[in-house]
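This report describes the fold and selected residues of one protein chain. The sequence and structure come first.

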Amino acid sequence: MELIKEDDGLEPVSPTGEYFNSKVMSVSILGILESEIPIDDSQATALIKDVFLPINPRFSSIMVMGKKGARKWKKVEVNVENHVHVPSFSFPKGSSSPSENDSFLKTYISQIAMQPFPQGQPLWEIHIIKCPTSEAQGTLIFKLHHALGDGYSLVGALLSCLQRADNPSLPITFPSVSNFSSANKDDRNIGLRKVVSRCFSPLVNTVKDFGWSVFKSTCIEDDLSPIRCGSESFQPFMVSTVTFSLDRIKEIKSRLRVTVNDVIMGTIFLATRMYMQRASTNSNLSTNSTALVLLNTRNLRDYKS
């Protein structure tokens, strides 16, 4: 990382950004867009310079070390060619089928997910996959370092690069959450006791979870398992995808009276546990494992482009 003597006027890196870009941790976000038509990359450089880079100044900045040891964002000239990759998959028999491309695409995503970002250039990459798969005619992969922003801000940045198919002059919109659902209307008549309980319960849970997190990170160590080898170095992994029906998720949400996030997190935890049991016969239900879940705490009801 570059060390500079004069850092006046430079934007400081947030504590979370420093944590996500350290010697022991490097967290990236992979955003994958699938296209129904073949991708033409002839205008990629111009679109990135005119549309993508102006969205966020951090897309044109590198992380440097200030004179007091604090990290700063330094504006630099971006060489787009260093950030755009168009891989070509080679096949021993010449042409390939979409199903074969699926396997190569999955392997490619796993490889780029493990590769660290060069610290001398902005922390993002775009990978253009022209090979058709069973799901799309072309695939765009955005690899963005988590130090650039949280999930919501980065997704918003990517969506702002897109246009509506029916009317490109209009901004992209999504259905908004109604202010008062039927469940909220019923809550108007709840008693004072339940109101106090609902206000006090989150406070108690917050103190409890924070105390447990501090205790867990200092005194208790997770058991060795298929998802924790005990080594401080990054281990190879394979990216796998599975598709769920949104209607099915909403049905489970309504039956259990929980949120969509609850259903998705429960599914991920169950899949992780099933993988641990399948990967190792010694892994059982008593294995002590910890999951780090990053949540968005913004009070949002709709998306604005």
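## Chain overview

The model is predicted. In the protein chain, the secondary structure amounts to 8 helices and 7 strands. Of the 305 residues in the protein chain, 25% are buried.

The protein chain exposes about 21,400 Å², and 56% of this area is supplied by carbon and sulfur atoms. When contacts in the protein chain between residues at least 6 apart in sequence are taken, 69% of them join residues at least 24 apart.

## Helix H3

Helix H3 covers residues 98-114. Its 17 residues should span 24 Å at 1.5 Å a residue, and the C-alpha atoms at its ends are 25 Å apart, which agrees.

The buried residues in H3 are Asn101, Leu105, Tyr108, Ile109, Ser110 and Ile112. An α-helix has 3.6 residues a turn, so residues three or four places apart point the same way. The strands that the buried residues of H3 pack against are S2 (28-35), S5 (84-85), S6 (124-129) and S7 (138-145).

Strand S3 (residues 61-65) has 4 of its 5 residues buried, so S3 is largely enclosed by the rest of the structure. S3 runs antiparallel to strand S4 (residues 71-75), and 5 bridges join the two. One of the pairings is between Ser61 and Lys75, the bridge partner of Ser61 in S4.

Together S3 and S4 form a hairpin, with 5 residues between the strands. Gly69 lies in the turn and has a positive phi of about 90 degrees.

## Arg58

Arg58 sits in the loop between helix H2 (44-52) and S3. Its relative accessibility is 19%; buried means under 20%, so Arg58 counts as buried.

The side chains of Arg58 and Glu11 are joined by a polar contact of 2.9 Å. Leaving aside residues up to four places away in sequence, Arg58 touches Glu11, Trp73, Ala147, Leu148 and Gly149. Among these, Trp73 belongs to S4, which spans residues 71-75.

## Arg257

Arg257 is found in the loop between helix H7 (246-256) and helix H8 (260-279). Its relative accessible area is 74%; exposed means over 50%, so Arg257 is exposed. Phi of Arg257 is near 60 degrees, which is a positive value in a residue other than glycine.

How values were computed
Residues numbered from 1 in each chain as written. Predicted model: local features only at pLDDT ≥ 70, side-chain atom pairs only at ≥ 80, totals over all residues. Heavy atoms only, no water. Expected span 1.5 Å × (residues − 1). Buried < 20%, exposed > 50% of the residue type's maximum accessible area, 1.4 Å probe, protein only. Contact = heavy atoms within 4.5 Å. Pairing = 2+ DSSP bridges. Areas by Shrake-Rupley, 256 points an atom, 1.4 Å probe, with all protein chains shown as cover. Polar contact = N/O pair within 3.5 Å; in protein donor to acceptor, adjacent residues only side chain to side chain.
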